[in-house]
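Hi,

Here is the model we talked about, ready for you to open next to the sequence. My notes on it follow below.

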Amino acid sequence: MLSNEQIIEQALDRIEAGYVFPAKVVDIDAAIRRRLAAGEYEHLDGPALCETVTAHLQEVCPDKHLRLLWTYQPQSLDPADEDGGRAAFLALLRTENQGIRRVEHLDTNWEGVGVVPDVPVPADQALDTALKAIRSTSGG
């Protein structure tokens, strides 16, 4: 389990690496490190640590997005995905048969293609329709 100092160090590293207002990072870092050096965070449990650090962050920069949240389940600090969701989207396509529910051979040729959800479309529009349907249902 990480110490309070390690949690705060990692939080400050994340703020420095990607906070939307880089000019505020120096002030945030200085204020939190000053309190850390003074021992203000030493004896706090996880939830109290997060509440206290959040209050101190808000004093320096009143941005409601800037906060430390506690969870009892360890969380990875690695980026959620490195490819912008492409791998997850491709996996979904594989499980959903590329979004194609059925293909029908009619008397006049391959005219009916059902896509998710079952929407009959001309064969030349099937792929575009399937991709639009999948994207609209999966947030991609």
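Among contacts in the chain between residues at least 6 apart in sequence, 42% join residues at least 24 apart; contact here means heavy atoms within 4.5 Å. This is a predicted model, in which local features need pLDDT of at least 70 and side-chain atom pairs count only at pLDDT 80 or more, while totals for chains, interfaces and linings use all residues. Residues are numbered from 1 along each chain as its sequence is written, and side-chain values use heavy atoms, with hydrogens and water left out.

**Overall layout**

The chain has five helices and three strands, and along the sequence they follow the pattern α-α-α-α-β-β-β-α. Helices (H or I, at least four residues) and strands (E, at least two) are DSSP runs, numbered from the N terminus. Of the 140 residues, 28% count as buried. Buried means under 20% relative accessible area, exposed means over 50%, and partly exposed is in between (1.4 Å probe, protein chains only). The chain exposes about 9900 Å², and carbon and sulfur atoms supply 54% of that area. Accessible areas come from the Shrake-Rupley method with a 1.4 Å probe, and for residues only the protein chains shown count as cover.

**The core**

In soluble globular proteins, nonpolar side chains tend to be buried together. The largest nonpolar core in this model has 18 residues, and those with the most contacts inside it are Ile-8, Ile-15, Ile-28, Ile-32 and Val-53. By nonpolar core I mean a set of buried Ala, Val, Leu, Ile, Met, Phe, Trp, Tyr and Cys residues joined through side-chain atoms within 4.5 Å. At least two residues of this core come from each of helix H1 (4-18), helix H2 (22-37) and helix H3 (46-60). H1 gives the most, with five residues.

H1 has 15 residues and reaches 21 Å from its first C-alpha to its last, close to the 21 Å expected at 1.5 Å a residue. The expected span is 1.5 Å times one less than the number of residues in the helix. The buried residues of H1 are Asn-4, Ile-7, Ile-8, Ala-11, Leu-12 and Ile-15. They cover an arc of only 130° around the axis, which puts them on the same side of H1; the arc is that of the directions from the helix axis to the C-beta atoms. An α-helix has 3.6 residues a turn, so residues three or four places apart point the same way. On the other side of H1, Glu-16, Ala-17 and Gly-18 are exposed.

The buried residues of H1 pack against H2 and H3. Ala-11, which is found in H1, has a relative accessible area of 17% and is buried. Its C-alpha atom is separated by 9.9 Å from that of Asp-29, 18 residues apart along the chain.

H3 also has 15 residues, which should span 21 Å at 1.5 Å a residue, and its end C-alpha atoms agree at 21 Å apart. Buried residues in H3 include Leu-49, Cys-50, Val-53 and Leu-57. The buried residues of H3 pack against H1 and H2.

**Aromatic pairs**

How many aromatic pairs does the structure hold? There are two. Rings of Phe, Tyr and Trp (its six-membered ring) pair if their centres lie within 6.5 Å; planes under 30 degrees apart count as stacked, over 60 as edge-to-face and the rest as tilted.

Tyr-19 and Phe-21 form an edge-to-face pair, 5.7 Å centre to centre with 75° between the planes. Tyr-19 is buried at 14% relative accessible area, whereas Phe-21 is partly exposed at 46%.

Trp-70 and Tyr-72 also pair edge-to-face, at 5.9 Å centre to centre and 85° between the planes. Trp-70 counts as partly exposed at 28% relative accessibility, and Tyr-72 as exposed at 68%. Tyr-72 lies in the loop between H3 and helix H4 (86-95). Tyr-72 and Gly-46 are 26 residues apart in sequence and 8.5 Å apart in space, C-alpha to C-alpha.

Best wishes
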